[in-house]
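Here is a short tour to read alongside the model. Take a look at the sequence and the fold, and then let us walk through them together.

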Amino acid sequence: MSDVLKALDEVLAQRKAAGDPESSYVAKLHHKGLNKILEKVGEESTETILAAKDVKDEKSRAALIYETADLWFHSMVMLSHLNTDSEAVLQELARRFDLSGLEEKASRQKP
């Protein structure tokens, strides 16, 4: 699965660097800037939450998967815009893998 994320990271980086905002959705988002990208992440988050609340059969489960894919995609555009990628997130998840959720949360430094 990380092969898909890695390939998507590469495409996002290419579109950020040399994509035409007139012909590439990703280039257009990068061109509009971080606030527009964050707006899309927020929009997709809301749509994912609403889809999750409505899961009752395979059709609604498919809608949840669709919305989650949109959320992940736009989150990856955000990471790309901020000069990072899915590998950093996967490394963080791997770091947490052998910790209980309660231990991980307790280990965080408070601001």
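Helices here are DSSP runs of H or I with at least four residues, numbered from the N terminus. With that in mind, glutamate 92 and arginine 96 both belong to helix α5, where four residues, about one turn of the helix, separate them. Please keep in mind that this is a predicted model.

## Overall picture

The protein chain contains six helices and zero strands. Read from the N terminus, its elements follow the order α-α-α-α-α-α. Along the principal axes, the C-alpha atoms occupy a box of roughly 45 × 35 × 30 Å.

Of the 111 residues in the protein chain, 23% are buried. The chain exposes about 8,200 Å², and carbon and sulfur atoms contribute 58% of that area. Among contacts with a separation of 6 or more, 56% join residues 24 or more positions apart.

## The nonpolar core

Which residues make up the largest nonpolar core? There are seven in all: Leu5, Leu12, Val26, Leu29, Ile37, Met76 and Val77. Helices α1 (2-18), α2 (25-32) and α4 (58-81) each provide at least two residues of this core. As background, nonpolar side chains in soluble globular proteins tend to be buried together.

Setting aside neighbours within four places in sequence, valine 77 is in contact with Leu12, Val26, Leu29, His30 and Ile37.

## Along helix α3

Helix α3 spans residues 34-53 and includes threonine 48. Is threonine 48 buried or exposed? Its relative accessibility is 12%, so threonine 48 counts as buried, the cut-off being under 20%. Apart from residues up to four places away in sequence, threonine 48 touches Leu64, Glu67, Thr68 and Leu71.

Lysine 53 is also found in helix α3. Lysine 53 has a relative accessible area of 65% and is therefore exposed, since exposed means over 50%. The C-alpha atom of lysine 53 lies 11 Å from that of alanine 63, a residue 10 positions away along the chain.

## Charges and salt bridges

The protein chain carries 16 positive and 20 negative side chains, and the centres of these two sets are 5 Å apart. Six salt bridges turn up in a search of the whole structure. In general, side chains of opposite charge can pair when their charged atoms come close.

In helix α3, lysine 40 and glutamate 43 sit three residues apart, about one turn of the helix. They form a salt bridge whose closest N and O atoms are 3.0 Å apart. Lysine 40 is buried at 13% relative accessibility, whereas glutamate 43 is partly exposed at 33%. A network of salt bridges links Lys40, Glu43 and Glu44.

Glutamate 92 is partly exposed, with a relative accessible area of 28%; arginine 95 is partly exposed at 44%, and arginine 96 is partly exposed at 32%.

## A loop residue to check

Where is asparagine 83 found? Asparagine 83 is in the loop between α4 and α5 (86-96). Its phi is near 60°, a positive value in a residue other than glycine. At 66% relative accessibility, asparagine 83 is exposed.

Key:
Residues are numbered from 1 along each chain as its sequence is written. This is a predicted model: local features need pLDDT of at least 70, side-chain atom pairs count only at pLDDT 80 or more; totals for chains, interfaces and linings use all residues. Side-chain values use heavy atoms; hydrogens and water are left out. Buried means under 20% relative accessible area, exposed over 50%, partly exposed in between (1.4 Å probe, protein chains only). Contact means heavy atoms within 4.5 Å. A nonpolar core is a set of buried Ala, Val, Leu, Ile, Met, Phe, Trp, Tyr and Cys residues joined through side-chain atoms within 4.5 Å. Accessible areas come from the Shrake-Rupley method with a 1.4 Å probe; for residues, only the protein chains shown count as cover. Lys and Arg count as positive and Asp and Glu as negative; His and the chain ends are not counted. The place of a charge is taken as NZ of Lys, CZ of Arg, CG of Asp or CD of Glu. A salt bridge is a side-chain nitrogen of Lys or Arg within 4 Å of a carboxyl oxygen of Asp or Glu.
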